[in-house]
Amino acid sequence: MKKFVVLTDSTCDLPEELAKQYDIDIMCFKIALDGEGYTERVDFSAEQFCEMLEKAKGLPMTSQITQFEFYDCFEEYDRQGVEEVLYISINAGGSGTNAAAHAAAEQYAQEHPESKMKVYIVDSHTYSMAEGAGVIDAKKMLTYVKTMEEVVDYLNDKYARMEILLTAYTLKIIRKSGRISAAAAIAGDLLGIHPIFTLNDGVSQVVKKVRGDKAVLGGMAGMLASRIAQGTPYYIGVSDHKYDEEYIEACTKKVGYAPAGVFHLGCAVLSNTGTEAVGLVFEGQKRER
């Protein structure tokens, strides 16, 4: 069996226990907030990031993982005798990280013609557990002796089907970001209006607006049931575990089976939605690219 490594980045939102269970390597993004620099998953947990974001005066700024960081990573893998590296990346349209990985792989191959290590790079076209679910699938498939080429084909198909539904229970961060006007956000908060939007292939789109917490819960669960490919697993992402029980109950009732897991939303999502948010991750119909 060839020695292989599955690598991803911290936007995947994989819970720490799953990353350890499946021996997934994760490269972490740097984040600046109110003049301080941090490394995601190293300097704070997803739960701690929520607390930081609540107290912050400004918005977080992320820095892409650099070509030099990838080069060093590939060099270390080669030194360890790794023969195949599979890197599954954040949406390439929203970050230069994917391009940096390609550049590092090309540079390493040119400077080390004697190396037998091959690097495969897959653009997930997405974020959060929509990215992370494919990472786990890839590790399982490679463990059961699927070839790297088969796994890459599988991932490209899977990521053309992954969808994210999101809602925000407060529009504070969305207002700060300028994605909607301050007046509209304040009016929305006062009236209890919550947007439900999709985040597919890196593009966010408001698909529904509902009034009241009960309506947003029903709206999210209903949209999940109408869009999911029946029988496929889905995940619930939360900014606070106070949402766990009600979303598990509502989604199970609408879809007909329980979620594959509940996870905490990470920086990539919360930096755009704020600290009172819920996301649903699932497979829908295949999209043409």
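**Reading cysteines and a helix**

Visitor: Let's begin with Cys28: is this residue buried or exposed?

Guide: Cys28 is buried, with a relative accessible area of 17%; the cut-off for buried is under 20%. Do keep in mind that this is a predicted model.

Visitor: How many disulfides does a search of the whole structure find?

Guide: A disulfide is a covalent bond between the sulfur atoms of two cysteines. To call one here, the two sulfur atoms must lie within 2.5 Å. The search of the whole structure turns up 0 disulfides.

Visitor: Now for helix H4: what span should its 15 residues have?

Guide: Count 1.5 Å a residue, and H4 (residues 97-111) should span 21 Å. The end C-alpha atoms of H4 are 21 Å apart, so the expectation agrees with the model.

Visitor: Which residues of H4 are buried?

Guide: They are Thr97, Asn98, Ala100, Ala101, Ala104, Ala105 and Tyr108. Looking down the helix axis, you find these buried residues within an arc of 160 degrees, so they line one face of H4. On the other side of H4, Glu106 and Gln110 are exposed.

Visitor: What do the buried residues of H4 pack against?

Guide: Their partners are helix H3 (67-79), strand S6 (84-89) and strand S7 (118-123).

Notes
Residues numbered from 1 in each chain as written. Predicted model: local features only at pLDDT ≥ 70, side-chain atom pairs only at ≥ 80, totals over all residues. Heavy atoms only, no water. Buried < 20%, exposed > 50% of the residue type's maximum accessible area, 1.4 Å probe, protein only. Helix = DSSP H or I, 4+ residues; strand = E, 2+ residues; numbered from the N terminus. Expected span 1.5 Å × (residues − 1). Arc of directions from axis to C-beta. Contact = heavy atoms within 4.5 Å.
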